[in-house]
Amino acid sequence: MNLQTVTVVPTETVEGYAVALSSRQGILDLMRLKDRDFNSSKVFTLVPESKKAISKYVIIPDGAKNLINQYIPGEITLILPKNPNFKHFYYDHFKSIGIRIPNHPLFPKWCFASYFCQSTWRHSKIHHRASSINNHRFHHFSSMCHSSG
């Protein structure tokens, strides 16, 4: 799976755009797709590779530890202070990061091996904007699930 491109993946609540955290071009495409810039008040949610890895990206206050243990993986997104040791061209523009690990049976297991950022996917004009960004850099998860015979 190539998460260097913007991909649509299922979660418990809605489908979400996903792109590898290491893909600068993919994140720039996602920003353009969602009409966001580095001054946006909305930050893309980060999906860490595991619960244990959350502290690499954010500072976990004592009060959030119980929420993480109880609700992650799951539908909850926790907005937590960015870990100052986490350096990233996109997230360095924000003081807080939303952290979420979906718990959906069809959520691709390969996403956990290569952490990524995600944003809600809506079937409206955004889908058309995705096509205009560059069709070969935009994929829908369902089209990648079919075996080749």
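Student: In what order do the elements of the chain run from the N terminus on?

Tutor: The model is predicted; local features need pLDDT of at least 70, side-chain atom pairs count only at pLDDT 80 or more, and totals for chains, interfaces and linings use all residues. Residues are numbered from 1 along each chain as its sequence is written, and side-chain values use heavy atoms, leaving out hydrogens and water. Helices (H or I, at least four residues) and strands (E, at least two) are DSSP runs, numbered from the N terminus. The chain has five helices and seven strands, and the order is β-β-α-β-α-α-β-β-α-β-α-β.

Student: What percentage of the residues of the chain count as buried?

Tutor: Buried means under 20% relative accessible area, exposed over 50%, and partly exposed in between, with a 1.4 Å probe and protein chains only. Of the 149 residues of the chain, the buried share is 47%.

Student: Which residue just after α1 takes a positive phi?

Tutor: Within α1, the buried residues include G26, I27, L30 and L33. Just after this helix, a positive phi of about 55° is taken by D35.
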